[in-house]
Amino acid sequence: VSHADEAGRAADRVARESYGRLVAFLAVRTRDVAGAEDALSEAFAEALRIWPVDGVPENPDAWLLTVARRRQTDALRRRHTQRAGEEHLTRMADELEAAAREGEIIPDRRLALMFACAHPAIERGMRAPLILQTILRLTAEEIAAAFLIPPATMGKRLVRAKMRTRVAGIPFRIPEQEELPERLQAVLDAIYAAYSKGWNEVGEAGVPEIADEAIWLGRLIVSLMPEEPEAKGMLALMLYAEARRAARRDATGAYVPLEEQDATLWDESQIALAESLLREASRAGPTGRHQLEAAIQSAHTARRLTGRSNWPVVVQLYDHLLALTGSPVVVLNRAVALAEVEGPEAALAAIEPLVADTRMLTYQPYWAAKGHLLARTGADADAAEAYRVAIGLTSDEAVRAYLRGKLASLHQG
Amino acid sequence: MRYMMLIHHDEAALAAAPQKELWAEYGAFNEALSKAGVGMASGERLQPSSAATTVRQANGKTEVLDGPYADTKEQFAGYFFVTVPDLDEAIAWAKRCPSSKYGAIEIRPAFEAQGNRK
């Protein structure tokens with residue numbers, strides 16, 4: 001085995017395992033994400049020059065960090081004029097050198113970095129992409145594919161968001177206790193948004209990886225904040241969904257809705273893990289949104305044991321969720337569950353208030369659910385109209401085919 | 001970091017507020033600012049937008065208009081500075097400022113002499 005091969009493999013391994021930790025460590029000190037990424041990529045480039053000749057250092061992380069820190073200090077020095085207060089610069093360099101001597105123990109600052117990325121002063125839609133890029137080193141192209149945004153646009157928006165953390169003075173730290181619930185929610189929302197992209201857009205290339213990475217981030221958050229029930233709730237929620245991935249398509253690739261899925265295809269080990277996380281979360285304290293959503297998933301998976309989803313419990317959980325969020329999406333999902341308990345007429349009455357909600361006009365699940373409910377009441381003409389709107393709003397080919405099938409069965413029946 | 005806090009008031013809402021309580025609250029806020037040592041004495045309260053005049057020059061011609069720059073419901077009403085470690089602290093002061101209940105406070109980092117970033 002040549003030094004070059006070994007060096008390349010070592011660099012790959014560090015890049016995969018430590019990238020987020022190294023960026024976080026560098027960025028938290030300077031509050032400059034882009035600068036930290038630049039310094040680290042220069043350090044990787046230097047590693048690929050030096051390691052093949054001198055061999056891989058004993059502690060590659062520490063080696064990279066030392067080089068990156070030197071680059072950071074150089075960059076700072078270049079940016080600062082003589083007016084710049086050499087004192088500040090010296091203090092910074094001292095701090096960096098001291099950290100270098102600590103060697104192998106690199107403090108984990110990824111949580112602080114995630115809180116900065118999910119700060120309310122960052123555009124909501126950019127929080128998840130920013131976390132995916134800074135912690136996981138996903139490229140703008142990979143993130144763009146998941147978020148259905150042109151890569152060049154995604155790249156520009158990422159650059160802007162990173163600049164904003166520095167210029168606006170967004171703090172890199174775990175918020176104070178009083179702010180924590182709201183801020184943590186933003187971090188969890190961002191990770192869940194990433195997961196949802198990987199879950200919903202199953203047809204898009206490269207997207208399932210985003211779901212995997214989101215689960216990885218969820219595990220990271222749970223390990224870094226083991227006391228936070230909502231973090232566990234969110235990880236459980238993702239695992240319940242993930243457990244059903246194989247059952248979402250039949251052998252021909254056609255879409256299979258939850259209630260028609262073959263429960264034997266569900267991944268028992270992921271469900272078991274989700275259940276235990278959810279139990280721990282509900283013991284730990286106040287029940288938040290992600291825990292309730294996970295509990296709803298848990299009630300759905302009861303079908304693998306009893307043959308039937310526990311619909312009355314699902315409706316009750318949605319009642320709590322609705323009281324907590326007031327969200328029209330929850331009104332809709334609750335109504336779908338209500339249909340299984342009290343029938344489609346009751347469900348249609350429950351979604352009546354949504355008619356006036358303009359957000360529902362372009363919300364595909366609203367029209368699909370409305371189509372299903374109307375079809376069950378025998379209002380075929382109205383159901384057909386709702387299905388057609390739903391088809392028009394669907395971007396996933398398999399889901400579109402499923403809805404076309406529903407529409408066709410109306411005309412025959 | 002040094003932030004300018006730009007106060008924008010809904011002037012109608014402000015006029016409808018109980019004045020005595022409002023300005024007592026403002027007095028307390030200013031005192032808290034100076035006690036904390038983050039405030040700057042250079043803050044100003046401005047006359048309402050009805051007192052504003054807007055000047056523009058285009059193609060060598062000067063245009064003078066009575067009224068504020070933008071005809072919006074919330075009008076620029078004054079400003080103060082805070083020098084704090086980060087945006088969260090600036091947001092905390094904006095939340096404490098009585099004006100945030102009668103409009104909005106825009107937080108803008110000041111350009112700083114290079115290297116003076118704290």
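**Entry 1: the open sheet in chain B**

I began with the strands of chain B and found an open sheet of 4 strands in the order S2-S5-S1-S6, with antiparallel pairing. Strand S2 (44-45) and strand S6 (103-109) of chain B stand at the edges with a single partner strand each, so one side of each has no neighbour in the sheet. I note here that this is a predicted model.

Next I followed the pairings inside this sheet. Strand S1 (residues 2-10) of chain B pairs with S5(B) in the antiparallel sense, over 9 bridges. I picked out one position: B:Met5 stands opposite B:Phe80 in S5(B). Then I turned to S2(B), which pairs with strand S5 (residues 74-83) of chain B over 2 bridges, again in the antiparallel sense. Here I wrote down that B:Arg45 has B:Gly78 in S5(B) as its bridge partner.

**Entry 2: a hairpin**

How many bridges join S3(B) and S4(B)? I found 6 bridges, in the antiparallel sense, between strand S3 (residues 53-58) and strand S4 (residues 61-66) of chain B. B:Ala58 stands opposite B:Lys61 in S4(B). The two strands form a hairpin with 2 residues between them, and B:Asn59 takes a positive phi near 50° there.

**Entry 3: A:Glu46**

Now I moved to chain A, where I looked up A:Glu46 in helix H2 (residues 33-54). Is A:Glu46 buried or exposed? Its relative accessible area is 14%, so A:Glu46 counts as buried, the cut-off being under 20%. Which residues does A:Glu46 touch, leaving aside its neighbours within four places in sequence? I listed A:Trp63, A:Val67 and A:Arg71. With A:Arg71 there is also a polar contact, side chain to side chain, at 2.4 Å.

**Entry 4: empty space**

Rolling a probe the size of a water molecule over the atoms shows where empty space is left. I got a count of 2 cavities of 30 Å³ or more.

Which residues line the second largest cavity? From chain A I noted A:Phe115, A:Ala116, A:His119, A:Pro171, A:Arg173, A:Pro175 and A:Arg183, and from chain B there is B:Asp88. I sorted this lining by type and got 4 nonpolar, 1 polar and 3 charged residues.

Definitions and conventions. Residues numbered from 1 in each chain as written. Chains lettered and ligands numbered in written order. Predicted model: local features only at pLDDT ≥ 70, side-chain atom pairs only at ≥ 80, totals over all residues. Heavy atoms only, no water. Pairing = 2+ DSSP bridges. 1 Å grid on protein atoms, 1.4 Å probe; cavity = no way out; pocket = protein on both sides within 12 Å on 5 of 7 lines; lining within 4 Å. Points joined across faces, edges and corners; volume = space filled by probe spheres on them. Nonpolar A, V, L, I, M, F, W, Y, C, P; charged D, E, K, R; others polar. Buried < 20%, exposed > 50% of the residue type's maximum accessible area, 1.4 Å probe, protein only. Polar contact = N/O pair within 3.5 Å; in protein donor to acceptor, adjacent residues only side chain to side chain. Contact = heavy atoms within 4.5 Å.
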